[in-house]
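Here is a short report for a reader meeting this structure for the first time. Look over the sequence and the model, then read on.

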Amino acid sequence: MASTSAPRNSAACGRIASAASTLSSDNQTLIAEIRRATIMMKETAVCFEEDNNSDRVKELEAGVLELVKASDDCSHLSNAIQSIGNEYQPGAELTNFNKLIEDRIERLSAGSSSVSQNHPWLRQFREAVWNVHHAGQPMPGEEQEDIVMTSTDSNLLNITCPLSGKPVTELAEPVRSMDCKHIYEKKPIMQHIRSKNSHGRCPVTGCPKTLQAERVVCDPLLLIEIDELRSMSKQRARADVIEDFTQLS
C-alpha cells in the first residue's frame with residue numbers, strides 16, 4: 001500500500017500557510033488603522049501648537065509613541081506568523097505553535113524600544129509640530145545639512161511606477177510587492193511578471209527580488225500612505241505659493 005504521509009503533510013502545510021496568510025492580513029489591517037490614528041493625532045497636534053497649547057501636544061506625542069509601539073508589535077507578530085507559515089514542516093511530535101511564535105517575536109523585537117523612538121511616524125509627528133513655528137529650521141540636535149527626510153516626505157519606497165512612469169498618487173490600481181515593497185500599477189506589473197523576458201524580476205533598477213503575482217497586492221496600508229503623500233504634496237504646493245508671495249511683497 002502506498003504511503004499517505006506525504007500528501008497529508010503537504011495538505012497540513014497548505015492549511016497552515018493559508019491560516020498564517022489570513023492572520024497576517026488581519027494584522028496589516030490593524031496596522032493601517034493605527035496609521036490613520038497617528039495621522040489624525042499629528043494634524044490635531046499641529047492645531048494645538050498653533051494655539052501654543054504645548055501640554056496637549058505632549059499628551060498627543062505620548063499617545064503616538066504608544067501607537068507606534070503597538071504597530072511594531074503587530075508587525076513583529078505578523079512577520080512571525082508569516083515566516084512560520086512559510087517554513088512549517090510537520091514532524092512526529094505535536095507542534096507548539098505558541099512557543100514557535102513567541103521565540104520568533106523575541107528575535108524580531110530585539111532592540112525595538114530604540115527603534116520606536118526613531119520610528120518615521122513619530123519623527124513626522126515631531127517635525128510637523130516643530131514646523132508650525134520653525135519652518136525651514138533644523139530640529140534641535142540636527143544640522144541643516146543632515147536633514148534628508150522631513151515631515152513632508154513619504155514613507156513610500158518609490159513615488160513613481162517603474163513601468164508606467166506615473167506618480168503613485170495617479171495610479172488607478174496601485175499594488176505593492178510584499179517582498180521588496182516597491183509600488184506599481186497593477187496591470188503593467190502583472191504583464192511584466194508573466195513576461196518570459198523579465199523572468200519576473202522587479203523592474204526597479206538595482207532591485208534583485210523576483211516577484212510572484214500572489215505577493216504583489218494592494219495592502220491596507222498602501223492606500224493610506226498614498227493619500228498621505230497626496231495631501232503632503234498639496235501642502236507643499238501651498239507653502240511654495242505663500243513663500244513666493246512673501247518674496248514678492
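Is E61 buried, partly exposed or exposed? E61 counts as partly exposed, because its relative accessibility is 25%. Buried means under 20% relative accessible area, exposed means over 50%, and partly exposed lies in between (1.4 Å probe, protein chains only).

The model is predicted: local features need pLDDT of at least 70, side-chain atom pairs count only at pLDDT 80 or more, and totals for chains, interfaces and linings use all residues. Residues are numbered from 1 along each chain as its sequence is written, and side-chain values use heavy atoms, with hydrogens and water left out.

**Salt bridges**

A salt bridge here is a side-chain nitrogen of Lys or Arg within 4 Å of a carboxyl oxygen of Asp or Glu. By this rule the count comes to 10.

| Pair | Closest N and O atoms |
|---|---|
| E228 and K42 | 3.3 Å |
| R126 and E61 | 2.8 Å |
| D227 and R230 | 2.6 Å |

Helices (H or I, at least four residues) and strands (E, at least two) are DSSP runs, numbered from the N terminus. R126 sits in helix 5 (residues 120-134) and E61 in helix 2, so this pair links distant parts of the chain, 65 residues apart. R126 is partly exposed, at 26% relative accessibility.

D227 and R230 both lie in helix 7. They are 3 residues apart, about one turn of the helix. D227 counts as partly exposed at 45% relative accessibility. R230 does too, at 29%. Salt bridges that share partners also join R35, K42 and E228 into one network. Both E228 and K42 are buried.

**Nonpolar cores**

A nonpolar core is a set of buried Ala, Val, Leu, Ile, Met, Phe, Trp, Tyr and Cys residues joined through side-chain atoms within 4.5 Å. In soluble globular proteins, nonpolar side chains tend to be buried together.

The largest nonpolar core has 19 residues. Within this core, L156, Y184, I189, C202, L211 and V216 touch the most other members. Strand 2 (183-185), helix 6 and helix 7 each supply at least two residues of the core. A second, separate core of 18 residues includes I31, M41, L65 and F125.

What does L156 touch, not counting residues up to four places away in sequence? Its contacts (heavy atoms within 4.5 Å) are V168, R176, I183, L222, E225, I226 and L229.

**A buried cysteine in a loop**

C207 lies in the loop between helix 6 and strand 3. C207 is buried, because its relative accessible area is 11%. Leaving out residues up to four places away in sequence, C207 touches C180, H182, R201 and C202. C207 and H182 are 25 residues apart in sequence and 9.1 Å apart in space, C-alpha to C-alpha.

**Two positive phi values**

Most residues other than glycine have a negative phi. N52 has a phi near 60 degrees, a positive value in a residue other than glycine. N52 is placed in the loop between helix 1 (5-50) and helix 2 (54-87). With a relative accessible area of 59%, N52 is exposed.

H199 also has a positive phi, near 60 degrees, and is not glycine. H199 is found in the loop between helix 6 (186-194) and strand 3 (216-217). H199 is exposed, because its relative accessible area is 67%.
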